[in-house]
Every structure is written in C-alpha cells, then in structure tokens.
Amino acid sequence: MKKFFTLAASLLVFTASAQYTVKNLDKSLVFYLTNDTVSTQMGIYEDPDTGEEVEGLVPRPWNGASCVSAFNACGIGLQSGTDDFGLNITIKERYSDPENGFTIPAGVYRGVTLNRARLDLSGPLNDGSTFRAFTNVKSMVLYFIPVPTTWVSGGISLQDFPTGRIEAQYLNDSDTLGELSNLAYREAHITMTADPLESDTRVIKGVDLVGFERDENDPTKIAVTQPFKWTVNLQNKKDASEYEALFADPETKQGEFVNYVISSEETEAEIEYYFGRLDECRAYYDNDKIQSTATGYSCYDHKWCTKTPWTAETPIALKVKYRMYLVGVAVMSATDGAGVQYMNAADGAKATWSDAAVAYGTHGEEGIETIDNDAPKSHRIYSLNGQQLNAASGICIQDGKIIFVK
C-alpha cells in the first residue's frame, strides 16, 4: 500500500517506496527567471587590442542551470541547460499580469535562454527525493521575449526565439509515477521581418510584436513594451475531433500539429492540449510500435487515442523545450480563487516562497522612452549612448527616467 507524508511548509507529497515527490497546487506558483545585467566574476577573456587572453572581470553566467538551487530551495526539481548568449532585455513599460500578479517593472534585465535545452520541472531535491510532477494544475504560463534570427560573422548566432514549446504529460498515480498519456506539445513561432542591412556578414532580423526594437551596434540588446504571455490549458477539455483543423494535412494526419504562429496584434495567447492513452499511441503510419505523439493521434491506426480525463489528482509533468527566452513561468492552480506564491530564481539557494514579488533587475520608472527614427518599428534601430547608469547596462538617466538616445 502506498504511504503518504505531507510536509506543512512546502505541501509536498512523498511516495514512500520510490521517494518521488509531487506538489499539490493549493496555490498558483510564479517563478521569476530574471537577473540584473551587471553581475560579474573573475575570468579569462580575449583582449580586443592584443588578442591575448587576460584575466579580469567577465559577466557572471545566467542560465537555466543557474536557477536550479533556487528551485530546489523551494521544493521544486529543475533540470536545465547552460546557454547564455549575453542578451539584455529592456522592458519599456511596467507589466503586471492581473491573473496571477506576475510583475516586471520598466527596466533592464537578463532572462533565461533555452537553445537546445529544456527547462524541465523535475529532478533531484536536496533531501534525496526526486520531484516529478504537479497535481491540481489547470495551466502553465510562459512569459517570453521574442528574439528573431540574429547572425553576425564571427560573433553571435541565434535562430528565431521562440520556436519552442511547453511539453506536458499525464502520469499515473502509482509509486513509479509512470507515463499515462502522450507527451503533448505544440510549438510557438514568430513571423520575422527582413534585415534592412543584411549582408554576407550579418543577418539581424526584427519582429512586429510587443513593441520590439534592437540596438544598431549590439544586437544582444533588445527592447520590448512587455513580455509575451503564452498559456497552455492542461485540463483536456476538448474532444479529439475539435483538434482536426490543427493538422497541416488532415488526410495524412502527421504526428504533430501545425505551429502556433503569433500575430503582431497579440500580446498574449492561450491554447489547449489533447491527452490520450499512451498505450494506444503510434507515431508512424508504417510502424506499430507504441510511441508518443504530440497530438494524441495514432498515425498507424488512423484514429485518436482514447481521451485521458483530467482530474485534480492527475500528476502532470511539465517542461519547456528549446529556443525560448524566458523572464518568467507560472503553474496555475485549478482551485477557484486560489492564492499565489512567488519565487525569485536570482536569490539562488536563499530563495523562498513569498506572497508578493517583482522581477529582479535594474528597475527604471513607470516608462522608458526611445528616440524615434524613420525605420519601421519592427526593425527600428537605436543606440544606447549618453551618461550611463552603469558600464554594463548601457542606458542613461534623464529627469528620473531611463532614456535611449539616438
């Protein structure tokens, strides 16, 4: 018989035999993934004048792996990569999500880059157990910054962000918490604008989304009005037939849905996933091997897998995969009127849950101004000059406001 123990401080449930941990969401959880742009450490870098390697202050890495200790301190497992492309993001207007209170003031930030990596909300905890999933969860929310294709010969090379996705899977309630449903996902994509200065040595594109702008001399510096909010509902509300139109070719029904392409008018979007029985899934039309599909459709049998009903007790494993630039993540409770708890990953091993928080970074005033120019807004180019707030941020202060001066 399975034995359960409840830890009052963190509301974690342990299965005694396997020591797997599941967190029941009596409250929604908001994870801030930002840091400042000025943290440094001693390291080796190449002197731009001599080309020699010298020792000195270099930027301190900020990536998914940097967040693991904070998540563990708050009782959540995390596995992630070490990508850090040195991107600095300016939020031009204070943003607060009325649904859960996620707040990011106007200012300058670093977020977490997922390139060929996952932000996997599972893994070992400090007490020796392994975190696997959430229960009583209705949705997962990503707050991301669009970063279109960026390539400079001998320098930065980024494919369009996002082309990533939330991956979710229903688990069974046995001691092993094995997979019950397909691993459901659907990718988010952005439509990019052309680089007006494209050449053999550079391709720096733009995007008509959330007030996007970039610096003309340093494409790692990006400004947006607000992050984009992308929500995936996990309660399996729709019947399989309602997803038919999402296949690129309804006749052959490939194993993945068409991408969700974000329009320039949107600042947020919500989609839903279908979860079907994993033991009925077959990914290929010519192979009867049991294998998960993104859609819950069996390509070999040419039919939908039996729907797996959602309940508040259903353990759901969650992860974010590939090419996303994240400033925050939320996992939303299915309980009506549930409260919210916040965690700031920049606090590292000292992180705790709190009843109120804001994103960590270099905060400005209520708004940030940019000097306009004649370029289309989607690839408007600006310089960060003038009296700097600090050497690394590349912004100036006038009349109490952060201002970018062309």
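In the predicted model, Phe247 has a relative accessibility of 4% and therefore counts as buried, the limit for this class being under 20%. Tyr297 is likewise assigned to the buried class, at 5% relative accessibility. Trp304 is buried with a relative accessible area of 16%, and for Tyr243 the corresponding value is 2%, so that Tyr243 is buried as well.

The structure holds 19 aromatic pairs. In one of them, the ring centres of Tyr243 and Trp304 are 6.5 Å apart and the planes meet at 50°, so the pair is classed as tilted. Tyr243 is located in the loop between S26 and strand S27 (260–262), whereas Trp304 belongs to strand S30 (residues 303–304); the pair therefore ties together parts that are 61 residues apart in sequence. For Phe247 and Tyr297, the centres are separated by 5.6 Å and the planes by 70°, so this pair is edge-to-face. Ring pairs join Tyr243, Phe247, Phe257, Tyr274, Tyr297 and Trp304 into a cluster.

Strand S26 (residues 228–233) was examined next. Of its 6 residues, 6 are buried, so the strand is largely enclosed by the rest of the structure. Phe228, Trp230 and Val232 point one way from S26, while Lys229, Thr231 and Asn233 point the other way. S26 runs antiparallel to strand S16 (residues 137–144), to which 6 bridges join it; here Phe144 stands opposite Phe228. With strand S28 (residues 268–272), S26 pairs in the parallel sense over 5 bridges, and Lys229 stands opposite Glu268 of S28.

Elsewhere, Ala317 is placed in strand S31 (residues 316–321) and is buried, with a relative accessible area of 15%. Apart from neighbours within four places in sequence, Ala317 is in contact with Arg132, Ala133, Glu167, Ala168, Gln169 and Leu171. The C-alpha atoms of Ala317 and Leu183 are 9.1 Å apart in space, although 134 residues separate the two in sequence.

Charged groups are also found over aromatic rings. The charged end of Arg165 sits over the ring of Tyr185, at 3.6 Å from its centre, and Arg116 lies over the face of Tyr322, 4.3 Å from the ring centre.

Definitions and conventions: Residues are numbered from 1 along each chain as its sequence is written. This is a predicted model: local features need pLDDT of at least 70, side-chain atom pairs count only at pLDDT 80 or more; totals for chains, interfaces and linings use all residues. Side-chain values use heavy atoms; hydrogens and water are left out. Buried means under 20% relative accessible area, exposed over 50%, partly exposed in between (1.4 Å probe, protein chains only). Helices (H or I, at least four residues) and strands (E, at least two) are DSSP runs, numbered from the N terminus. Two strands pair if DSSP finds at least two bridges between them. Contact means heavy atoms within 4.5 Å. Rings of Phe, Tyr and Trp (its six-membered ring) pair if their centres lie within 6.5 Å; planes under 30 degrees apart count as stacked, over 60 as edge-to-face and the rest as tilted. A charge sits over a ring if NZ of Lys or CZ of Arg is within 6 Å of the ring centre and within 35 degrees of the ring normal.
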